[in-house]
Amino acid sequence: MTTLSGHTDAITASRVMGTNVYNTEGKQIGTIEDIMLEKMSNGIMFAVIGFGGFVGIGEKYHAVPWSMLDYDRSMGGYVVPLTREQLEAAPAYDINELTRDDGHMARDASFAYYKVKPYWQ
């Protein structure tokens with residue numbers, strides 16, 4: 001699945017995890033904590049973006065469709081077309097809830113909230 005600007009180059013998940021996420025104004029709004037994979041179709045379900053809290057305590061996790069993230073080399077991170085307020089209003093989970101129901105609950109809520117066309121339909 002390509003990103004907004006068409007980036008399709010391969011990258012290891014370990015390089016993505018921990019990368020800062022910025023909004024289009026250049027403000028850091030979170031960090032990529034993990035990537036949820038759909039093992040039966042070999043696709044990326046969503047990126048797990050964490051923000052708030054301190055050293056993982058009180059942090060909220062958001063499932064964001066991978067196609068919404070666009071890597072910006074000059075920033076050294078991913079840019080999403082979201083404000084912090086939009087992310088704060090998005091469905092939030094603790095880390096264990098993201099895999100409940102094989103991740104479908106978080107995936108479906110995420111794609112509906114961000115109005116992204118589901119890749120699985």
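This is a predicted model: local features need pLDDT of at least 70, side-chain atom pairs count only at pLDDT 80 or more; totals for chains, interfaces and linings use all residues.

Trainee: Which residues line the second largest pocket?

Mentor: Met36, Leu37, Glu38, Lys39, Met40, Met45, Leu98, Thr99, Asp102, Gly103 and His104 do. Strand β2 (residues 28-38) gives the most to that lining, with 3 residues. The space in the second largest pocket is about 180 Å³.

Trainee: And how many cavities of 30 Å³ or more are there?

Mentor: The count is 1. The largest cavity has a volume of about 30 Å³. Its lining is Ala63, Ala90, Pro91, Tyr93, Ala106, Ala109, Ser110 and Tyr114.

Trainee: What makes up the lining of the largest cavity by class?

Mentor: There are 7 nonpolar residues, 1 polar residue and no charged ones. Helix α3 (residues 104-113) provides the largest share of the lining, 3 residues.

Trainee: Let's move to the rings. How many aromatic pairs are there?

Mentor: The count comes to 6 aromatic pairs. Take phenylalanine 111 and tryptophan 120, whose ring centres are 5.0 Å apart with planes at 80 degrees.

Trainee: Why is the pair of phenylalanine 111 and tryptophan 120 called edge-to-face?

Mentor: Ring centres have to lie within 6.5 Å to pair, and planes over 60 degrees apart count as edge-to-face. The centres here are 5.0 Å apart and the planes are at 80 degrees, so the pair is edge-to-face.

Trainee: What about tyrosine 113 and tyrosine 114: why does the edge-to-face label apply to that pair?

Mentor: Run the numbers through that test again. The ring centres are 4.9 Å apart and the planes sit at 85 degrees, so tyrosine 113 and tyrosine 114 are edge-to-face.

Trainee: Is phenylalanine 111 buried or exposed?

Mentor: The cut-off for buried is under 20% relative accessible area. Phenylalanine 111 has 4% relative accessibility, so it counts as buried. Tyrosine 114 is buried too, because its relative accessible area is 11%.

Trainee: Then why is tryptophan 120 called partly exposed?

Mentor: Exposed needs over 50%, and partly exposed lies in between that and the buried cut-off. Tryptophan 120 has a relative accessible area of 29%, so it is partly exposed. Tyrosine 113, with 30%, is partly exposed as well.

Trainee: What sits over the ring of tryptophan 120?

Mentor: The charged end of arginine 107 does, 3.5 Å from the ring centre. Elsewhere, Trp66, Tyr71 and Tyr78 are linked into a cluster by ring pairs.

Trainee: Two of those names make me think of valine 16. Which residues is valine 16 in contact with, leaving aside neighbours within four places in sequence?

Mentor: Ile11, Ile32, Ile35, Trp66 and Tyr78. Valine 16 is found in helix α1 (residues 13-16). The C-alpha atoms of valine 16 and tyrosine 71 are separated by 9.9 Å, although the two are 55 residues apart along the chain.

Trainee: How do you know that valine 16 counts as buried?

Mentor: Its relative accessibility is 1%, so valine 16 counts as buried. Asparagine 23, in strand β1 (residues 20-23), passes the test as well: at 6% relative accessibility, asparagine 23 counts as buried.

Trainee: What does asparagine 23 touch, not counting residues up to four places away in sequence?

Mentor: Ile29, Val79, Val80, Leu82 and Thr83. For the chain overall, buried residues make up 40% of the 121 residues.

Trainee: Last topic: backbone angles. What makes the phi of aspartate 101 worth a mention?

Mentor: Most residues other than glycine have a negative phi. Aspartate 101 is not a glycine, yet it has a positive phi of about 60 degrees. Aspartate 101 is in the loop between α2 (84-89) and α3.

Trainee: Which other residue has a positive phi, of about 55 degrees, although it is not a glycine?

Mentor: Lysine 115 does. The place of lysine 115 is in the segment after α3.

Trainee: And why are aspartate 101 and lysine 115 called exposed?

Mentor: Compare each value with the 50% cut-off. Aspartate 101 has a relative accessible area of 52%, so it is exposed. Lysine 115, at 74% relative accessibility, counts as exposed too.

Methods: Residues are numbered from 1 along each chain as its sequence is written. Side-chain values use heavy atoms; hydrogens and water are left out. On a 1 Å grid over the protein atoms alone, a cavity is a set of points where a 1.4 Å probe fits but cannot get out, and a pocket is an open set with protein on both sides within 12 Å along at least five of seven lines; lining residues have an atom within 4 Å of a point. Grid points are joined across faces, edges and corners, and a volume is the space filled by probe spheres set on the points. Helices (H or I, at least four residues) and strands (E, at least two) are DSSP runs, numbered from the N terminus. Ala, Val, Leu, Ile, Met, Phe, Trp, Tyr, Cys and Pro count as nonpolar, Asp, Glu, Lys and Arg as charged, and the others, Gly among them, as polar. Rings of Phe, Tyr and Trp (its six-membered ring) pair if their centres lie within 6.5 Å; planes under 30 degrees apart count as stacked, over 60 as edge-to-face and the rest as tilted. Buried means under 20% relative accessible area, exposed over 50%, partly exposed in between (1.4 Å probe, protein chains only). A charge sits over a ring if NZ of Lys or CZ of Arg is within 6 Å of the ring centre and within 35 degrees of the ring normal. Contact means heavy atoms within 4.5 Å.
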